[in-house]
Every structure is written in C-alpha cells, then in structure tokens.
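Hi everyone, thanks for coming. I'd like to walk you through one structure today, stopping at a few residues along the way.

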Amino acid sequence: MKALVAGSLRAVWQPLMAAFYELSGERVDTGFGPAGLLRMRIEQGESCDLFASANLDHPLSLFMAGRAHQVMPFATNRLCLTVKTDCLIPGDTWLSVLSRPELRLGTSTPVSDPSGDYTWQLFRQIEWRYPGQGMAIQQRAQCLVGGSETLSVPPGETAAGWLINQGRVDMFIGYASYAARLRRITGLTVLDIPEDMGVQAQYTLALLDMQAECLAVFLGSPLAQKILIAAGFGPGGDEIFANLPAAVGCR
C-alpha cells in the first residue's frame with residue numbers, strides 16, 4: 001500500500017502508522033511533500049493508493065477528475081507566527097509584529113503548498129478588517145519553502161526554526177501543530193493567531209484505490225484522532241466516520 005502525504009504530517013505519521021500496523025498488519029510505503037506538488041505527481045500518473053492533503057481542494061480536484069473514490073476530512077490545524085525573540089518589543093502582538101516593515105517575513109508557497117494558501121487567506125482577512133494593512137504585509141512576504149524551486153528544509157528541522165536561525169528571515173507563518181516544538185528552541189517566540197481570524201486548515205484524504213479503505217477508516221478512528229490531537233492537530237471528520245467500525249482490517 002502506498003500513500004502520498006502532506007509534509008506537515010511527517011512527524012505524526014510514524015506513530016499513526018505504528019498504530020495502524022498493530023491493528024491491520026499492513027505496512028504503508030509513504031512519500032512526503034507539499035500537497036499541491038503531490039497532487040500534480042498523482043495527476044501525472046504516479047501510483048498511489050491514498051493521498052493525505054493539508055486542504056480539501058487537492059483531494060476534491062482528484063475526485064472531480066475521477067481519480068479518487070472518496071474524499072474524507074480527518075484533521076484540522078491553525079496558523080501561528082514564529083518570531084526571533086530579539087525582534088520583539090514590549091507590547092507586541094502577532095499583528096503588530098507582522099506589520100513592522102523592517103522585519104523580514106517568510107512563508108510557504110501558495111498553490112504548491114496549502115500552508116501558503118492559508119497564509120494568503122490570513123492576509124485577506126487582515127485586509128478586510130484593517131484596509132491596507134493586509135496587502136502591505138503580503139507584499140513583504142517571501143515564499144521561501146513549499147515550492148518546486150524553493151529552499152529544501154533539512155531533515156529533522158522545521159521551516160520556521162531553520163529559516164530564522166539561518167538568518168534568512170525574522171519571522172515565519174506556519175502551522176500551529178509545530179508550536180510546541182518551536183517553543184522549545186532558544187531564541188524563538190511563538191505567537192498564536194486568534195481563531196476569529198477565520199483561518200483553519202482542513203486536512204482531507206483522497207481514497208484512490210479501495211485497497212487503502214482500511215487506512216482511510218483508521219485515520220478517522222478514535223485512536224488516530226487521539227494521536228493527531230496529541231501532536232498538535234485538531235479533530236476532524238467526526239461526521240464522516242461516526243458510524244464506521246473502530247477496528248480495521250485490510251483485505
């Protein structure tokens with residue numbers, strides 16, 4: 001069984017697949033990357049049984065093209081702002097920091113990576129509430145990771161921690177599931193972005209081959225949801241999976 005999985009799931013995927021193996025006896029060959037680029041690989045003919053994306057759009061695109069049997073949500077995420085601590089001044093908030101023109105802002109790449117899409121959605125939300133401010137922030141944003149020709153984050157590193165510590169940027173917008181890990185790095189401060197900004201990542205899977213149905217069911221099971229939440233993700237897919245069996249077994 002082969003899965004292509006959004007890179008932001010890399011750390012949690014190992015415990016998820018360990019639990020899945022205990023239940024099913026099946027091992028999953030997994031490739032990671034920005035979800036938009038993974039979708040393109042599938043469209044270009046790469047073999048894959050299940051695609052786990054950080055958004056709904058890419059799985060839905062495969063479904064509408066007749067490449068996927070089903071599309072199912074299984075987790076959520078939010079955005080946070082990681083800042084070099086030395087750049088902060090008393091009274092700073094996430095928005096005041098983002099709005100300071102002297103600070104260099106890094107992001108992922110829209111279209112190629114859902115993290116970039118969600119970040120641009122955040123800029124639009126800021127613009128709607130504070131006209132002129134969101135566009136000014138967006139114009140300063142540097143898309144440094146998550147694209148076909150952007151920087152490659154070294155194994156074991158987070159984009160925010162690596163880019164800031166390399167001196168390439170002063171702050172980075174990324175997923176809140178990394179926040180606990182980033183807060184353990186000396187010299188970095190993580191600022192939460194309020195939920196009322198309306199940006200929530202919806203992780204969604206596309207079932208491309210029915211032999212992976214057991215994996216799809218597992219990802220929505222109470223056990224998988226517990227593992228995801230412990231890793232900093234939010235729950236997802238309860239309404240889809242509520243009536244499915246907790247145990248899984250691949251045929």
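Let's start with Thr 76, which counts as buried because its relative accessibility is 9%, under the 20% cut-off. Before I go further, please keep in mind that this is a predicted model. Thr 76 sits in strand S4, which covers residues 70-77.

On to the cysteines. How many disulfides does a search of the whole structure find? The count is zero. Take Cys 48: the nearest cysteine sulfur belongs to Cys 214 and is 14 Å away, and Cys 48 is in no disulfide. A disulfide here needs two cysteine sulfur atoms within 2.5 Å, so 14 Å rules that pairing out for Cys 48. Cys 48 counts as buried, at 9% relative accessibility. Cys 80 is likewise in no disulfide, and for this residue the nearest cysteine sulfur is that of Cys 87, 16 Å away. Cys 80 counts as buried too, with a relative accessibility of 1%.

Now for the charged side chains. Searching the whole structure turns up eight salt bridges, and I'll show you some of them. Arg 39 pairs with Glu 43, and their closest N and O atoms are 3.1 Å apart. These two are four residues apart in helix H2, residues 35-43, so about one helical turn separates them. Glu 43 is partly exposed, with a relative accessible area of 30%.

Then have a look at Arg 100. Is Arg 100 buried or exposed? With a relative accessible area of 16%, Arg 100 is buried. Its side chain meets Asp 92 in a salt bridge at 2.9 Å, N to O, and it also forms a salt bridge with Glu 102, at 3.0 Å.

Last stop, the surface. Which residues make the nonpolar surface patch of about 380 Å²? They are Leu 56, Leu 60, Phe 63 and Met 64. Leu 56 lies in the loop between strand S3 (50-53) and helix H3 (57-64), and at 39% relative accessibility it counts as partly exposed.

That's my tour; I'm happy to take questions!

Methods: Residues numbered from 1 in each chain as written. Predicted model: local features only at pLDDT ≥ 70, side-chain atom pairs only at ≥ 80, totals over all residues. Heavy atoms only, no water. Buried < 20%, exposed > 50% of the residue type's maximum accessible area, 1.4 Å probe, protein only. Patch = residues over 30% accessible without salt bridge, like charges linked within 9 Å, V, L, I, M, F, W, Y side chains within 5 Å. Areas by Shrake-Rupley, 256 points an atom, 1.4 Å probe, with all protein chains shown as cover. Salt bridge = Lys/Arg side-chain N within 4 Å of Asp/Glu carboxyl O.
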